[in-house]
Structures are given as structure tokens and as C-alpha cells.
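Have a look at it first, and then take the points one at a time.

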Amino acid sequence: MEADNMAGGKEPRRLPVWACIPLFIVILFILLGLYGALARGCLSLIPGGVEACQPDVEARQPGVVGYIILEASMLLAVLTAALPMLRLERRPFSDLGLSLRGHVKGVWYGFLMAILLYLSGFGISLILGEIEVTGFQFEPLELLGSWVFFLLVALFEEILMRGYILGRLLHTTMNKFAALFVSAALFAFMHIFNPEIAFLPMLNLLLAGVLLGASYLYTRNLCFPVSLHLFWNWIQGPILGYQVSGNNFITSVLTLRMPEENVLNGGAFGFEGSLICTVLMIVCTILIVWWGEKQEAISLAAPRSC
């Protein structure tokens, strides 16, 4: 049963969430296959792009432009799937939470939280001797290209997991924190086939889903989670030189060496596989929920004008 009511009249009949989300996922998978094939066709026009589609691991590297094309096709697929579903549900496009109006500061807060997380996590790892910096290289075009790629990754995953799935769950009578947990679990499951996946990385991916979705409970906007997601990945991989969720996409500014792979440095999965990351995400999530609950309390206490 829908929890939200339209002011000034009876709410129109809508598909129940238990039907909307599975239907959306089916449509998305079909479109991912279609657009993915088109993207690979584009890759075949790029020198070396054909090899990117081959099964050989060594040859599966299309370069920054190739990654951008593939990720753009995924973003196009999720938007194409969401638009007819929103229309079918009689909900506006703004329900996805992509508006910048009144939420630009969320972009800055997401950036600052990513900086804070890595100043803390990377700094602690260096002090403990869990990582060592062994090299430095600066390739501005690669760095810019990787930023565009991770922006597309953040938009795709946040529209899918927070904008649509969590957004739909929040339109039900389900407790908002239960809805957040369900969407975070789906987010973690989406990464289950990533290289070097294990229990701690999966737990951290679940916590990452909670962290990224926490602000959405209170703002219904994606500016903060998209920004945090973007800069989390970009700083982690292209800047600091960690694996990103077990993947090594492109060159990085810093080259890292781990004296040994363990749960403190995350090993081959990267920083997201570390206990340091676990603690930092829990702390940041608590801060976001504390802020959100405080803002809700202030809003409820404020006198309402007729």
C-alpha cells in the first residue's frame, strides 16, 4: 500500500512496488544488453577496441575512451528504463532526485566527505606501514578521462540503487532504515562477481550502500551520493593507486606497494576491503543519520503556515 497521498484529492492507482522494481530490473537488463552491443560496435571503430571485447584478460583493456563509451551505454540504459516506469507509476522524473536546485551544496559535501575519508584512511595506512608509495606519475588527460568515467559510474549506480530502487521503497509503508538496508544489500550483491571478492569486501560494499543512501532518506536528492561516489572512486583509484572494488582500470598518480596483503590495507580488493574503511564508513553514516534526524526534528518543530 502506498504511503504517500496527493494533496487535494485521491491518489491515482499505481503499480505496487513489488511489481515495479522487478519489472524495472528486467527492462534494464534487456536495455543493458542492447546498448552494450551498440557500445561494443563503437569500440570496434577505435584502434585496439576490438580486443576489448575478447575473452583474453590481457586484451580486455579498451582504454579510458572505451570505458567511457561502455559506461555511457549503461547510464543511457538505466535512464531509458526509468522513464517509462515513472510514467507507468504516474510519478514525475524529479522523483529520481537529479535536481541541482537547492542541492548544489550536496555536491560539495560529498566531495569533502570523500577527501575526509581518504585523508583519514590513507593517512592511517601510511602511519601503520600497511602501504608504501613507490612511484609518481602525472598524466592529466588520463586523469580527466578517469574522472568522466567515474562520474558516469556514479550516476548509473546512484540512479539505479538510490534514485529508483530506494526511492520506490520509500513510497511504501516500509521503515525507512529497512528500505535503506534492502537497497544497500542489492548494491552489494551487484558487485558479487567483482575480482577478489570476499566476506569483508562484501560487508564494506553493504556499508557503502548504507552510507551512500543515508542522505537520500532525508533529502530525496542524489547530489550528495553521486558526488561522494564519484570522488570516492576517483581518489581511490586514479589518484592514490588502490584497486577500485577489486578492479584496476587505468594508470594512477601514485604507485602503491603493500608489504603484505591483509584486512588492514584491503589487499587486492583495494581500500574498500579494509577494516579501516569499515570503521570510517560506520562513523560517517552515523554522522549523516544524526544530521538528518536533527533536520527532521527541526522541520517538525517549525510552525506551519496555512
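This is a predicted model: local features need pLDDT of at least 70, side-chain atom pairs count only at pLDDT 80 or more; totals for chains, interfaces and linings use all residues.

1. H2 is followed by arginine 90, whose phi is positive, near 60 degrees.

2. Glutamate 196, although not a glycine, has a positive phi of about 65 degrees, and you will find glutamate 196 in the loop between helix H5 (176-189) and H6. Arginine 220 has a phi near 50 degrees, again a positive value in a residue other than glycine. Its place is the loop between helix H7 (216-219) and H8.

3. Does the length of H2 agree with its residue count, or disagree? Helix H2 covers residues 63-88, which is 26 residues, and at 1.5 Å a residue it should span 38 Å. The C-alpha atoms at its ends are 38 Å apart, so the two agree.

4. Next, the helix packing. Two packed helices are described by the angle between their axes and the distance between the axes. For helix H4 (residues 140-169) and helix H8 (residues 223-239), the axes come within 8 Å and cross at roughly 140 degrees. That makes H4 oblique to H8, since only angles over 145 degrees count as roughly antiparallel. The crossing of H4 and H8 is right-handed.

5. Which residues make this contact? On the H4 side they include Leu143, Trp147, Phe150, Leu151 and Arg162, and these residues of H4 meet a set in H8 that includes Pro225, His229, Phe231, Trp234 and Ile239. By class, the contact of H4 with H8 has 14 nonpolar, three polar and three charged residues.

6. H8 also packs on H3. The axes of H3 and H8 come within 7 Å and cross at roughly 35 degrees, and H3 passes H8 in a right-handed crossing. Among the H3 residues in the contact are Gly106, Tyr109, Phe111, Met113 and Tyr118, while the H8 residues include Cys223, Phe224, Phe231, Trp232 and Gln236. The residues of the contact of H3 with H8 divide into 14 nonpolar, four polar and no charged.

7. A search of the whole structure finds eleven aromatic pairs. In one of them, the rings of phenylalanine 111 and phenylalanine 231 have centres 4.8 Å apart and planes at 70 degrees, so the pair is edge-to-face. This pair links distant parts of the chain, with phenylalanine 111 in helix H3 (residues 104-128) and phenylalanine 231 in helix H8, 120 residues apart.

8. Finally, look at helix H6 (residues 199-214) and helix H9 (residues 275-301), which pack at an angle of about 20 degrees with their axes 9 Å apart. H6 and H9 are therefore roughly parallel to each other, and H6 passes H9 in a left-handed crossing. The contact includes Leu200, Asn204, Leu207 and Leu211 of H6, along with Leu275, Met281, Ile282 and Ile288 of H9. The contact of H6 with H9 has 13 nonpolar, three polar and no charged residues.

Note on methods. Residues are numbered from 1 along each chain as its sequence is written. Side-chain values use heavy atoms; hydrogens and water are left out. Axes are lines fitted to C-alpha atoms, for helices over the stretch in contact, and angles run from 0 to 180 degrees between N-to-C directions. Helices (H or I, at least four residues) and strands (E, at least two) are DSSP runs, numbered from the N terminus. Angles under 35 degrees count as roughly parallel, over 145 as roughly antiparallel, 65 to 115 as roughly perpendicular and the rest as oblique. A crossing is left-handed if the near helix is turned anticlockwise from the far one by less than a right angle, and right-handed if clockwise. Contact means heavy atoms within 4.5 Å. Ala, Val, Leu, Ile, Met, Phe, Trp, Tyr, Cys and Pro count as nonpolar, Asp, Glu, Lys and Arg as charged, and the others, Gly among them, as polar. The expected span of a helix is 1.5 Å times one less than its number of residues. Rings of Phe, Tyr and Trp (its six-membered ring) pair if their centres lie within 6.5 Å; planes under 30 degrees apart count as stacked, over 60 as edge-to-face and the rest as tilted.
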